[in-house]
Amino acid sequence: MAKRSHKKTSGGKKVLRIVLIVLLILVLAIVGAVAKLYFDVSGSVDRTYESVDRDNGRNVNFSDEEPFSVLLLGIDTGDLGRTEQGRSDTMMVATVDPQENKSTLVSIPRDTYVDIVGHDTQDKINHAYAFGGAPMSMDTVSEFLDIPIDHYVSINMEGIKELVDVVDGVDVNNDLAFEQDGHTYNFGKIHMNGEEALGYLRMRHEDPEGDYGRQKRQRKVVEAVIDKSLSLSGATQYRSILGAMEDNMKTDLSFGDMRSIALDYRGAFSNIDQLQLQGEGFSQDGVSYQRVDENELKEVQDNLQEQLDQ
């Protein structure tokens with residue numbers, strides 16, 4: 001049986017915030033700052049907008065504060081000269097329920113063995129993005145978790161690097177000494193620039209926990225970036241932050257959607273459960289996969305369905 005590790009953590013709130021960092025900058029505009037900031041944000045969000053063509057999508061009425069879900073994708077392109085479609089190295093689903101003032105963030109192992117919807121094959125779940133971009137990823141995750149996936153937000157590796165550099169680097173407490181991409185990561189508190197952060201996020205083969213260990217490091221970097229971004233110095237650099245996001249982030253959330261979420265859904269972000277689906281490894285045709293225990297998957301599905309009123 002797969003090890004069960006889905007539990008509430010304090011880092012969940014920050015993980016959700018960083019991927020939706022534009023929403024937080026938008027809040028600053030709405031609650032106070034100046035009109036110019038508001039219009040800068042509006043323009044940047046417009047440049048990140050990319051719609052999806054799906055047969056089974058649904059329309060969420062944000063004005064009525066309906067619960068919704070969003071697929072968060074970290075794409076392995078944008079650095080080292082990579083320009084191909086890429087795969088989703090990181091896949092998380094956030095469900096947001098403003099009526100109960102609660103959100104849930106589910107991390108999905110990248111090697112999870114699933115049916116790739118629209119491709120008539122079974123493969124690693126992160127390959128759905130390579131086969132069909134955000135729409136196929138949304139449909140595949142929707143079938144896997146048995147919930148509607150309403151929206152998506154994706155950011156590539158270049159965006160992560162630029163965000164780290166914009167905030168003048170990040171500090172993390174590293175619990176595993178290793179080397180990656182020509183960089184040395186010592187045990188204890190370390191400071192990293194953008195390039196060093198990418199190496200820190202990539203390493204998984206030397207980690208006893210494999211991809212689960214890498215996901216922990218991803219959360220550490222995410223938390224460090226959001227802490228710096230929301231500090232006084234981070235706020236004054238909002239134009240650089242927006243520049244990093246508009247060049248490297250895509251979403252089908254419009255500026256109006258984000259404005260409604262920022263104004264009416266904030267209470268749901270104060271109570272966030274973080275769930276980690278964890279599978280059992282197996283090999284097939286010389287390829288390693290992860291299979292999530294059916295009982296664990298059903299428990300998570302029921303949790304998300306309840307939150308989305310399904």
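This is a predicted model: local features need pLDDT of at least 70, side-chain atom pairs count only at pLDDT 80 or more; totals for chains, interfaces and linings use all residues.
pLDDT is the predictor's confidence in each residue, from 0 to 100.

Residues are numbered from 1 along each chain as its sequence is written, and side-chain values use heavy atoms, with hydrogens and water left out.

## Overall make-up

The protein averages a pLDDT of 81. At least 70 is reached by 81% of the residues. The protein has 11 helices and 14 strands. These are DSSP runs, numbered from the N terminus: helices are H or I with at least four residues, strands are E with at least two.

Of the 310 residues, 57% are buried. Buried means under 20% relative accessible area, exposed means over 50%, and partly exposed lies in between (1.4 Å probe, protein chains only). Take the contacts between residues at least 6 apart in sequence: 67% of them join residues at least 24 apart.

## Strand E1

E1 is mostly covered, with eight of its eight residues buried. Phe68, Val70, Leu72 and Gly74 point one way from the strand. Ser69, Leu71, Leu73 and Ile75 point the other way. E1 pairs with strand E6 (residues 151–156) in the parallel sense, over six bridges. Pairing requires at least two DSSP bridges between two strands. Val70 stands opposite His151 of E6.

Ser69 belongs to E1, which spans residues 68–75. Its relative accessible area is 0%. The Ser69 side chain reaches the backbone oxygen of Pro148 at 2.6 Å. This is a polar contact: a pair of N or O atoms within 3.5 Å, where within protein one must be able to donate a hydrogen and the other to accept it, and residues adjacent in sequence count only if both atoms are side-chain atoms. Leaving aside neighbours within four places in sequence, Ser69 contacts Ala94, Thr95, Pro148, Ile149, Asp150, His151 and Leu308.

## Aromatic pairs

The structure holds nine aromatic pairs. Rings of Phe, Tyr and Trp (its six-membered ring) pair if their centres lie within 6.5 Å; planes under 30 degrees apart count as stacked, over 60 as edge-to-face and the rest as tilted. Tyr113 and Tyr289 have ring centres 4.8 Å apart and planes at 65 degrees, so they pair edge-to-face. Tyr113 lies in strand E4 (residues 113–116) and Tyr289 in strand E14 (residues 287–292), so the pair ties together parts 176 residues apart in sequence. Tyr113 is buried at 17% relative accessible area. Tyr289 is buried at 9%.

Phe178 and Tyr185 are stacked, at 4.8 Å centre to centre and 25 degrees between the planes. Phe178 is buried at 6% relative accessibility, and Tyr185 at 2%. Elsewhere, ring pairs link Phe62, Phe68 and Tyr265 into a cluster.

## Charges over rings

Lys124 lies over the face of Tyr289, 5.9 Å from the ring centre. The charged end of Arg291 sits over the ring of Phe282, 4.0 Å from its centre. The criterion is NZ of Lys or CZ of Arg within 6 Å of the ring centre and within 35 degrees of the ring normal.

## Helix H6

Seven of the nine residues of H6 (residues 194–202) are buried, so the helix is largely enclosed by the rest of the structure. The buried residues are Gly194, Ala197, Leu198, Gly199, Tyr200, Leu201 and Arg202. Asn193 caps the N-terminal end of H6. A side-chain oxygen of Asn193 lies 3.2 Å from the backbone nitrogen of Glu195.

Leu275 lies in strand E12 (residues 272–276) and is buried at 6% relative accessible area. Leu275 and Ser107 are 168 residues apart in sequence, yet 6.3 Å apart in space, C-alpha to C-alpha.

Glu65 has a positive phi, near 55 degrees, in a residue other than glycine. Glu65 sits in the loop between helix H3 (35–48) and E1 and is partly exposed at 27%. Asp168 has a positive phi near 65 degrees. Its loop runs between helix H5 (157–166) and strand E7 (170–174). Asp168 is exposed, with a relative accessible area of 57%.

Conventions. Contact means heavy atoms within 4.5 Å.
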